[in-house]
Amino acid sequence: MNPDDLGREAGRATRSAAGRVPDLDAVLARHRRRRAVAAGIGALVVVLGIGGLALVLTRPAAEIEAANTTTTIIETTTVADDDTATTSTTEPLDTSAATTTTATVPATTLPPSPPGYGGTAVIGDDQGISTFNPYVLGGDHFALTTLGQALWAKPMDVEAVGLEIVPDLVTEIPSVGNGGLVVNDDGTMTVTYRIRSEAVWADGTPISGADFAFTYQTIVNLPRNQTQATLFEVYDQIVPGSEVVGDKMYSFSMGAPTLRWQELFDPLIPKHDVEGKDFEASFNDQPWMSAGPFVFSELERDPIYGLPTVTLVRNANYWKVDPATGMQLPYLDSIEFRAIPETELLTRAFLERTLDVMNPPPSNDVVAELEASGADVQVRSGPIWEHFSFQFGENNRNPESMNTITDFRRAVAYAIDREEILAGGIWTGREVLDSPFDVGSASLGTSAWSQYRYDPVLAQELLAAACKQVGRDCEANPPVVIFSTTSNAEERPRVANLVQEMLAEVGIIVELQLEDSCVFFGPTLDEGNWDMGMWAWVNTPGAASAVGVLELFDPTAPPPDGSNYYRWGTPEVSGAEPSDRPGCGSGGNLNQGPSLVVDEHTERYAELMEAIRTTIDVDELRPLVAEAEGILADQVVVLPLTARGAVGAVWPDEIGNYVHNPSRAAHTWNIEFWYRTDRG
C-alpha cells in the first residue's frame, strides 16, 4: 500500500515551526563554494591521475537523515508524491563538527577525460537517505533506490520507457523457454542465472555465482524486522542446500513455482568486499563495492542544515558500453546527489543553476515554472496509481450503502468523468488508467476498464435498475454514498469534491468524510469501516508485480495477513491489529463476519489466484491474468483513475542534452545512459 503517513503541508509546517527550513540564500552560497572547491580538486585529480596515484577526496560536509557518533540530524520528510510522506525521528543538531565520509578511489578511476567524456551532473531530489544498505531498516527509501542505480549490481534492470524487465548482470532473463526456469517433479522450481562474462566489480574482480550465494546466506541470516519482512520471506522460499555455484552461473530451487524469484538479489552483495564485516553496521555511511557506472567518493554531513550530498565518480572498470557508439559508459566524470527536502527550495535551487538536474515531486505548478525557465522537462507515468473503490464488509460506516449491487457500482463508474478530473490539472498524470498493469507490466494488461467512459445517461439507467432490485424509490429517497480519502494535501480533496458533483448529477448524494492520512491508512482501512474510498498503490515492474496487484483483491486474503481491504468475498475475520501509528487512533478491530458479496465471481477469482501464484510461464500466465482483470472490471471492484506523473528536469545548456528517464518506476534516473549529444 502507498505508505501515506503525513501530508506535505503538515511536514513543512512542523519544520517551519521548529525553525528547520533553511534559508535558501545561505544554502546556495554554500553550494557555490562547494562547486568552486570541486573544480579545483578536479584539476588536481587530472594531474595525479596521470601518475596512477590513489587519491582520497575530501570536501565540505552535508548531513543525511541518520545519526552517527559525531552528529545527529534534523527531521527530514521524504515525499514520494503530493501527500505521500514518511518522517524520520527528529533529533537535535550537534553543530560542533562537520563529518565527511570518504572512500579511496582506485588509481584507474579518474584518468584525464578523453574526448567526448567529462563533466559533473549535480542532481537535486526532495529525499535523503539514512543508510547505504538496502537490506536494513531505512534502506527502502526512494532516494537510496535512485542512488543505487549508479552503484548496484543486480540480475535484471528496468527498461526506461516501457518499464519492462530487461537483463542486467545475466545474459538473458530466465524463462521456461530458455531453460532458466524448470518445474521439478517434486514440485520445486529451479532458477538458473547465466552471468555475463564481462561483468566485474569496480576493482576488476569478476562477478560470480559466489556473490549470489553470499548474498543469499547474508540475507537469510539477518534478523527479521517489519520493514523487510516481505523481502526476507522471498529468500526463505529458497530450498536450503539447493544452490549450484559456478564462476559465471548460479542456480537455486524454490519450494514451489512462483514469479517472486524476480524480486531476489536486487541488489547483489560483493562477497570479497563484505565478507567478514559487520553487515548491519558497516554500510550506513558508505556503500559496498560498486559494479555500476559510478563508484562512491564521499558523503558530506552538513552540521547546520542536515542536507546530504553524495559524490560519485566514474567507474573505470564499468563493463557496459553505449550501444549507439560503442564507447564505454558512463560519459560523466562525476555526479553529486543533493537532498533538498522542500519542493520550494529544490525548485529555487534549480532555477538558480545550483542544480543541473532536478527530480521533484509531481506538480503542475512546478512543471510550468520549469518549462517557462527554459529547462528540459519530462513527465512520464510513475509507479503510483490512484483508484476509486468500494467496501463490501459488514463494518461499512454507511447503513444505506448499496455497494453490494453490481448495477449500482457500474452506475457510479459511468457517472465519474475520469477524463474531466484529470483535465483539471490536479496531478501531472493526465491519462486515464484503464488497467493497473499499465504501471510496470503493460504487456499483461487488457485495458479492461476502458468500457467505463463518462456516460451519465447509462449511469442513470443502471441506477434505476439497482434501485428497482432493492425496492427503493430513488427519486424520493436518493441513494447516499459516504466518500472517504486523505485530507492532508489538496489533490484528493479536490477529486472528492468533483466526484460529489458528478454523482449528484445522476441522482446520488455524496457525503464527504475526509480524514487525516494516519487515520485513513490506519483504523479506517484496517477495520473496513469506509463506504467508497480513494487512495493509491505503488507498483514495481515485472510479472511478479502484476500478480501482486491481483492479490490485493484475493478473496482468501483479508487483513491482517492479506491486503484485501475491500473485503470482496472475504471470510469471517477475528482479532485486532495493534496500531503502529502513534496519535492516529487505536489499532484496527478486525472482528467481522463474511463479506456481504460472496458469489460465483469471487469464487472464480480465488481459483484464478491459486493458478496465477504458481504459474511461471508468461504465455500461460497471460490468459489467467486477463480473466482475473476482466472480473475486477466487470464487477467494478475497483475503478482505476490515473498513474501519477514522475517529473525530471535538466539544464541542457549546462551539462549537455543528457538522455534521462525521470520515472520513479524505472528507479528514477537511468544514470548509466546519460551522455552528451555534443560530445564531439
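Guide: A nonpolar core is a set of buried Ala, Val, Leu, Ile, Met, Phe, Trp, Tyr and Cys residues joined through side-chain atoms within 4.5 Å; buried means under 20% relative accessible area, exposed over 50%, and partly exposed in between, with a 1.4 Å probe and protein chains only. This is a predicted model, in which local features need pLDDT of at least 70 and side-chain atom pairs count only at pLDDT 80 or more, while totals for chains, interfaces and linings use all residues. Residues are numbered from 1 along each chain as its sequence is written, and side-chain values use heavy atoms, with hydrogens and water left out.

The largest nonpolar core has 141 residues, and Trp-261, Phe-265, Phe-388 and Ile-416 have the most contacts inside it. Helix 16, spanning residues 618–634, gives the most to this core, with seven residues; helices (H or I, at least four residues) and strands (E, at least two) are DSSP runs numbered from the N terminus. A second, separate core of 16 residues includes Ala-349, Val-366, Val-377 and Ala-649.

Contact means heavy atoms within 4.5 Å. Apart from neighbours within four places in sequence, Trp-261 is in contact with Met-156, Ile-173, Pro-174, Leu-181, Met-189, Val-191, Tyr-193 and Met-254.

As for the setting, the protein chain has 17 helices and 23 strands, and 57% of its 680 residues count as buried. Among contacts between residues at least 6 apart in sequence, 73% join residues at least 24 apart.
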